[in-house]
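Student: I have not looked at this structure before, and I would like to learn how to read its features one at a time. Could we go through them together?

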Amino acid sequence: MAEIIHPFYESHRGAMEAAMRHRLDLAEAMLCERAHLSNIDGIRQEVMDEFEIVLTQMPYVGGAASRMSDFFMRLMGFMAISRVLRRHGVSLSVIGEIERETYKAQLLTVPEAERLASGRQFMSSENQTLLREQATKSHRQEFPEDFVYDFVEPGPGDNFEFGINYKACGFCKFAARHGDKEILPNICGLDFDAYATRGIRLERTQTLAGGASHCNFRFSRLETK
């Protein structure tokens, strides 16, 4: 019996697959030069086949009503890339470099004005209010594979505007369930460019994937030139 993709992800499947093909285009030179792979067409097909498997494994966490659904849809494809490259003997550090540079290049294809507007919206007081509400809701754990987090207000002497402490991580749960723990830190590394390209400084000194009790995300605005 064929594995089933959740209808929510099925409805976004075309866009996710297009994003994956774009990433593979951007990564091609690095796959040759750094990973020392030659059959790039074969690697590309392996990754897309593996992504098909990842799609069936992606947990439903509330669809459009959950901000975390977007994180899964944007980043789970890197699980497929990591799995295939590990099978071909590529080191974890090289995989991390390739994925981070590929993701940054992909993010930078979005016009700067659009990226910075998205960053301003994320840092806005309206979005902070929404994040507080969603953080409270996350503790209900309506979906077992979802994230659980707290909104963090800055205290005296803090140099960030707000923070999020992730107490449970959907990617960590996914990695534990499907044997991806060794490649998990590379997924965590993608966060910095995801925010920086939108004009946001992310500071983080610990992660659940690294064995900490929580991931301590701290956000502030990058200075514009």
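Student: Which helices and strands each supply at least two residues of the lining of the largest cavity?

Tutor: Before answering, please keep in mind that this is a predicted model. As a general idea, rolling a probe the size of a water molecule over the atoms shows where empty space is left. In this structure, the elements that each supply at least two residues of that lining are helix H4 (67-75), helix H9 (170-178), helix H10 (184-188) and strand E4 (215-221). Of these, H10 gives the most to the lining of the largest cavity, with three residues.

Student: How many cavities of 30 Å³ or more does the count come to, and how much space lies in the largest cavity?

Tutor: The count comes to three cavities of 30 Å³ or more, and about 180 Å³ of space lies in the largest cavity. That cavity is lined by 17 residues, and those closest to its centre are Phe147, Cys169, Phe171, Asp191 and Phe217. If you sort the lining by class, you find 14 nonpolar residues, one polar residue and two charged residues.

Student: What is the volume of the largest pocket, and which residues are the closest to its centre?

Tutor: The largest pocket has a volume of about 480 Å³. Its lining is made up of 20 residues, of which Asp70, Arg74, Tyr103, Leu107 and Val110 are the closest to the centre. Two or more lining residues come from each of helix H2 (13-33), H4, helix H6 (92-107) and helix H7 (112-123), and H2 gives the most, with five residues. Sorted by class, the lining of this pocket divides into eight nonpolar, six polar and six charged residues.

Student: Where is Ser66 placed, and is Ser66 buried or exposed?

Tutor: Ser66 sits in the loop between helix H3 (40-57) and H4. Its relative accessible area is 15%, and because buried means under 20%, Ser66 counts as buried. If residues up to four places away in sequence are left aside, Ser66 touches Val61 and Asp146.

Student: What should I look for in the backbone angle phi, and which phi does His36 have?

Tutor: The general idea is that most residues other than glycine have a negative phi. His36 is not a glycine, yet it has a positive phi of about 55°. You will find His36 in the loop between H2 and H3, where, at 65% relative accessibility, it counts as exposed. Gln141, which is likewise not a glycine, has a positive phi of about 50°. Gln141 lies in the loop between helix H8 (125-138) and strand E1 (148-152), and with 49% relative accessibility it counts as partly exposed.

Student: How many helices and strands does the chain have, and how compact is the chain?

Tutor: The chain has eleven helices and four strands. Its radius of gyration is 18 Å, close to the 17 Å that the globule rule gives for 225 residues, so the chain is as compact as a globular protein of that length. Taken along the principal axes, the C-alpha atoms fill a box of roughly 55 × 45 × 35 Å.

Conventions: Residues numbered from 1 in each chain as written. Predicted model: local features only at pLDDT ≥ 70, side-chain atom pairs only at ≥ 80, totals over all residues. Heavy atoms only, no water. 1 Å grid on protein atoms, 1.4 Å probe; cavity = no way out; pocket = protein on both sides within 12 Å on 5 of 7 lines; lining within 4 Å. Points joined across faces, edges and corners; volume = space filled by probe spheres on them. Nonpolar A, V, L, I, M, F, W, Y, C, P; charged D, E, K, R; others polar. Buried < 20%, exposed > 50% of the residue type's maximum accessible area, 1.4 Å probe, protein only. Contact = heavy atoms within 4.5 Å. Rg over C-alpha atoms; globule rule 2.2 N^0.38 Å.
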